[in-house]
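Visitor: Hi, I'm new to this one and would like a slow walk through it. Could you show it to me before we start?

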Amino acid sequence: MNLSRREFASVMAAALAAGFPLQREAGAAQAAGLYELPRSGNVHLLHMTDCHAQLLPIYFREPSVNLGVGAMRGQAPHRVGEHLLKAAGLKSGTAQAHALTFLDFERAARQYGKVGGFAHLATLVKQLKAGRPGALLLDGGDTWQGSATALWTQGQDMVDAAKLLGVDVMTGHWDFTYGEERIKKIVEQDFAGKVDFVAQNVKTSDFGDPVFKPYVIKEMNGVPVAIVGQAFPYTPIANPAWLTPNWTFGIRESEMQETVNEARAKGAQAVVLLSHNGMDVDLKMASRVTGIDAILGGHTHDGVPVPVIVKNPGGQTIVTNAGSNGKFLGVLDLDVKDGKVAGFNYRLLPVFANLLPADTAMNELIAKVRAPYSAKLGEKLAVTEGTLYRRGNFNGSFDQLILDALMKVRGAEIAFSPGFRWGTSLLPGQAITREHVMDQTAISYPWTTLTDMRGDMIKTILEDVGDNLFNPDPYYQQGGDMVRVGGLTYTCEPGAKMGERIQDMRLGGKLIEAGKTYKVAGWAPVAEASKNAGPPVWEVVESYLKAHKVIKPVKPNTPKLVGVAGDPGLAA
């Protein structure tokens, strides 16, 4: 995009207002340069993923722990902080460094302001599409879930926003947690003639028929381009199976190869996989399935500024991931010549709300959908004196707040909270509102549980989740981070084999006894029998916050780690 003098002056003014350091004009010029992206090639793809229903600009802290195991140790996306910046050739203290890392988060967040927001994203999308004839906007899913208004409208606010944003093709994951009937209604009615929902790996459980289109072929500047969809393979395991009882999922590698071959046979000169596998799974698939030119991935929320090029028997595949929460927009330009991709350019653009003017139409839509709920959303519950965040392989401070609430309000010795990767961040001094609590808890199965659990079962649960996260074979990783644990301390050896990763479990300094029973609180049960087992988790957290009013800095209860010294996925 080439900025006009008037547009550049507007960006400069916004940057100065955001408080850029020392040589303020130079800082503003650097930030404005983020969005100067010359067009190349003849196939243009814009990629967003995992926005988790965040319509407004937010703060979002990136992880300080993102460990890879086996062959993935220290490889993208398993690098954090300075390790990530070094691999990407980026300088610390810059706008890009703040967007991609947790480094100096509080200061940088106040300096650069909030990120994302659909009104600001819409401005960027329009500018990029204007300079890229025929460009497609691809949505990797986890779009309709993650906020109060999305939950209360069954995703309708996000459906309307996505259509206005100009999404062309979408796949999904958390979106399925509204149930089959709701998903079908959106795809068949709201999206009809506007947005293609694709997922080659979702079949009917009776006859194995496709539930959605496996791919679409779009012609762009004379080039037929196939967009293949891959929904999250483990949806009925990671989320309640009773919400999608008639559908089956899975990685379906062989079917993926057949789908790619079919698209090629129908004339596709470029094939792009819009994936919600998670990046490690995408990397393995890229090494085994031939004919995919690029995988634009999601699910693991990794902001990957430099694509990974994977060799396979048929050539090579570009693999990347575009972060989360509307914080990034990936831009992939392909140069297709003589029926094949001859070259490419890729940029991962951070969306800084202070540097991109809000799109008027999108602003009006957001105001309209939020208006009926504004008072409820804005109710102040407490004030935080420390940064609250959720992101990383182990407990974040907002996770710890939820665990403390579960133990205190439900009267438990130990608490478990799911290793969800969605949830916005708060800076010290901010009021914690009902909306912030819902940003962490807004799901369609929010019930809390209180269970008498034997010590050996506690270990089994931790080992099972640990294997989902740290299995060296990506195809056995089911997504998410380690279950967050309150009350209980333990040691974790990510590189150990199944059954041996969790060690030295203690409660109050005393070893957990295999045959002893402990009172354990939790939430988000996937079993249908647990419907309404206890009050929704947001009620429990609200009760805790109102009782305390001021939340002192929270120290996350993280395990002692073994065998990870020097790992680039672990902050020093």
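Guide: Helix α16 (residues 434-441) and helix α18 (residues 537-548) pack at an angle of about 140 degrees, and their axes are 10 Å apart. Axes here are lines fitted to C-alpha atoms, for helices over the stretch in contact, and angles run from 0 to 180 degrees between N-to-C directions. That makes α16 oblique to α18, since under 35 degrees counts as roughly parallel, over 145 as roughly antiparallel, 65 to 115 as roughly perpendicular and the rest as oblique. This is a predicted model, in which local features need pLDDT of at least 70 and side-chain atom pairs count only at pLDDT 80 or more, while totals for chains, interfaces and linings use all residues. Residues are numbered from 1 along each chain as its sequence is written, and side-chain values use heavy atoms, with hydrogens and water left out.

Visitor: Which residues in α16 meet α18?

Guide: From α16, R434, V437, M438 and T441 meet V537, W538, V541, E542, L545 and K546 of α18, where contact means heavy atoms within 4.5 Å. The residues of this contact divide into 6 nonpolar, 1 polar and 3 charged. Nonpolar covers Ala, Val, Leu, Ile, Met, Phe, Trp, Tyr, Cys and Pro, charged covers Asp, Glu, Lys and Arg, and the others, Gly among them, count as polar.

Visitor: Switching to strands, is β7 buried or exposed?

Guide: In strand β7 (residues 223-230), 8 of the 8 residues are buried, so the strand is largely enclosed by the rest of the structure. Buried means under 20% relative accessible area, exposed means over 50%, and partly exposed lies in between (1.4 Å probe, protein chains only).

Visitor: And which residues sit on each side of β7?

Guide: V223, V225, I227 and G229 are on one side, and P224, A226, V228 and Q230 are on the other, all of them buried. In a regular strand the side chains alternate between the two faces of the sheet.

Visitor: What does β7 pair with?

Guide: Strand β6 (residues 215-220) pairs with β7 in the antiparallel sense over 6 bridges, and V216 stands opposite I227 in β7. Strand β9 (residues 270-275) runs parallel to β7 and is joined to it by 6 bridges, with A226 opposite V271 in β9. Two strands pair if DSSP finds at least two bridges between them.

Visitor: How many residues lie between the strands in the hairpin of β6 and β7?

Guide: There are 2 residues between those strands, and N221 takes a positive phi near 50 degrees in this hairpin.

Methods:
Helix = DSSP H or I, 4+ residues; strand = E, 2+ residues; numbered from the N terminus.
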